[in-house]
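Here are my notes for you, as numbered points. Please keep the model open while you read.

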Amino acid sequence: MRKLLSLALLGALSASIAHAENFTEINTDKAKAIIDAAITAHGGDALLDELQTLIIETHTVNHSVDQSRGTDAPWDTSVADSTDALDLENSIFMTSNKGSGGGFENHNTTIINGEQSYQLNLRAGTVAKIAEPDFDTTSGPFVRVTPALLLRTLKDREANAHYLGDTRIDDVDYNVIGFSMTVGPAISLYFEKGTNFLRRSERVFPGFGLVEYRFDDYVVKGEVPYNESFTLYLNGDVNLERSIKSVRINEPMDKLLEVPAALVSIPEVQPDPLTRQELDDGVWLIGGNGTYAMFVDMGEYIFAAGGTAGIPDRIESLREVVGEKPIRYGMLTHHHFDHVLGVAAYEEEGATIIAAESHERIARRAATDGENLDLKLVNKKMTLEANGREIEVIDIGPTAHTEHLLVAWLPQEGILFEADHFAMPRVGPVPPAVTSTKTFAKALARNGLSVKQIVSAHSPKPGTAESLEKALSREEFQASR
């Protein structure tokens, strides 16, 4: 009986394996057929293979979803004009962007070209070599919004592509292919049945949600179809609306790689590893990769300011100097989604989250258990005193960037922690102040804060009252490019 049962199980297992192999083979064949049809629709193998350089100029309206001055729609908007250029054969990429909105004005160019890779700040008039250029990471955003480049990438990575099924959205039928790109989460591509054009794509970011891309208004340029408009959605809300002003195929891009001679050279851009620096006795700035948090030893507990990405790693570094001393408070500067990512980490530490009154909903949404989140809301100001040290949490808003902005102010030390308003560059001179910096300076004066060190959530280098004044007095560089 036992032998017969074993044979029966073995037979069932063999049938299951055969079925699984057959399913995988069918799936692979289906994916290949859809990919082949899509490549044909987008110009064919030969045209995509012959695509060596691509230069696209765009105009973009950014609807600042969860990044506006307020917490609800309608969202603030900003505008930008950009040029992106890619040399596929030589792994060269250039992106240049000029725009304004959200309290910021920017005019920057990044060139990825091996040892001749540069970061240009055309407002400040500086150029810095990039020590470790990363072609895939830097060009990835351009590839993801350009159907011809996505098709080339899909063709190159066909071995890891899978047929995910078909679906109908807004009365349009699609075949869906999923695959992993070199950098970032996997992507799903929606090919319209009949035309086989790429019309939609999607990626899911853990802890954030769904990012959707839409490609519309196809025209043919150089025998290759290109979309004249592009829309990006964040969790269902329109985030970017982009119109394509020009497409140039297989044209030289040498002029786009030139560095204006009038720019001042500054030290090269180095990688930004996790570091810990002690600003004063028991006050640490810990971070890397562009995001930082401040931790203050209050004797029996730790106060933390800043809720950007990577808080668990920053806490781990903190433990090396304070041991298991509890983090009692985690302060959020404001409601923008990149500044509430640390809520869950503070929540896990058992900390009370400090936030502006109007940001309660955002803080609870960012938590693992928002309903039971230990939350302390600030109207205008709250003060913490322990072990002879004082911290004032002050709402210095409104600014050009956000209606409410909490700062952590240590009056005895003259240290102030803020986010998004005055980040010192890691190298080079202080750039001309943007609008958010100007309103931040007025807010400091309005609140009577005489600072010695200005610590930012986005810079490892503290600023001073003098550096703030220098930024306010600097004129914008007049770039010829």
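Which are the buried residues of α4?

1. The buried residues of α4 are Pro147, Ala148, Leu149, Leu150, Leu151, Arg152, Thr153 and Leu154. The helix spans residues 147-156 and is mostly covered, with eight of its 10 residues buried. Buried here means under 20% relative accessible area, exposed means over 50%, and partly exposed is in between, with a 1.4 Å probe and protein chains only. Helices (H or I, at least four residues) and strands (E, at least two) are DSSP runs, numbered from the N terminus.

2. A word on the source: this is a predicted model, in which local features need pLDDT of at least 70, side-chain atom pairs count only at pLDDT 80 or more, and totals for chains, interfaces and linings use all residues. Residues are numbered from 1 along each chain as its sequence is written, and side-chain values use heavy atoms, with hydrogens and water left out.

3. Helix α3 (residues 135-144) also has a list of buried residues: Phe135, Ser139, Gly140, Phe142, Val143 and Arg144. At the start of α3, please look at Asp134, where a side-chain oxygen comes to within 3.3 Å of the backbone nitrogen of Asp136. For polar contacts, the rule is a pair of N or O atoms within 3.5 Å; within protein, one must be able to donate a hydrogen and the other to accept it, and residues adjacent in sequence count only if both atoms are side-chain atoms.

4. Next, Asp84, which lies in strand β2 (residues 77-87). Asp84 is buried yet has no salt bridge, and the nearest side chain of opposite charge, Arg242, is 5.6 Å away. For charges, Lys and Arg count as positive and Asp and Glu as negative, while His and the chain ends are not counted. A salt bridge is a side-chain nitrogen of Lys or Arg within 4 Å of a carboxyl oxygen of Asp or Glu. What Asp84 does have is a polar contact of 2.8 Å between its side chain and that of Thr95. Leaving aside residues up to four places away in sequence, Asp84 touches Leu54, Ile55, Ile56, Phe93, Met94, Thr95 and Phe142, contact being heavy atoms within 4.5 Å.

5. Thr95 counts as partly exposed because its relative accessibility is 22%. Beyond residues up to four places away in sequence, Thr95 touches Thr83, Asp84, Asn108, Thr109 and Thr110.

6. How many aromatic pairs does the structure hold? There are six. Rings of Phe, Tyr and Trp (its six-membered ring) pair if their centres lie within 6.5 Å; planes under 30 degrees apart count as stacked, over 60 as edge-to-face and the rest as tilted. Phe197 and Tyr218 are stacked because their ring centres are 4.5 Å apart and their planes are at 25°. This pair links distant parts of the chain, 21 residues apart: Phe197 is in the loop between β9 (187-192) and β10 (198-205), and Tyr218 is in strand β11 (residues 209-221). Phe197 is buried at 18% relative accessible area, and Tyr218 is buried at 16%.

7. Tyr213 and Phe230 form a tilted pair, with ring centres 6.0 Å apart and planes at 35°. Tyr213 lies in strand β11 and Phe230 in strand β12 (residues 224-234), so the pair ties together parts that are 17 residues apart in sequence. Tyr213 is buried at 5% relative accessible area, and Phe230 is buried at 2%. Ring pairs link Tyr213, Phe215 and Phe230 into a cluster.

8. Finally, the charges. The salt-bridge count comes to 20. One of them joins Glu212 and Arg214, with the closest N and O atoms 3.2 Å apart. Glu212 is buried at 10% relative accessibility, and Arg214 is buried at 17%. Arg214 also lies over the face of Tyr233, at 4.2 Å from the ring centre; this requires NZ of Lys or CZ of Arg within 6 Å of the ring centre and within 35 degrees of the ring normal. By contrast, Asp171 and Arg168, which meet in a salt bridge (3.9 Å, N to O), are both exposed.
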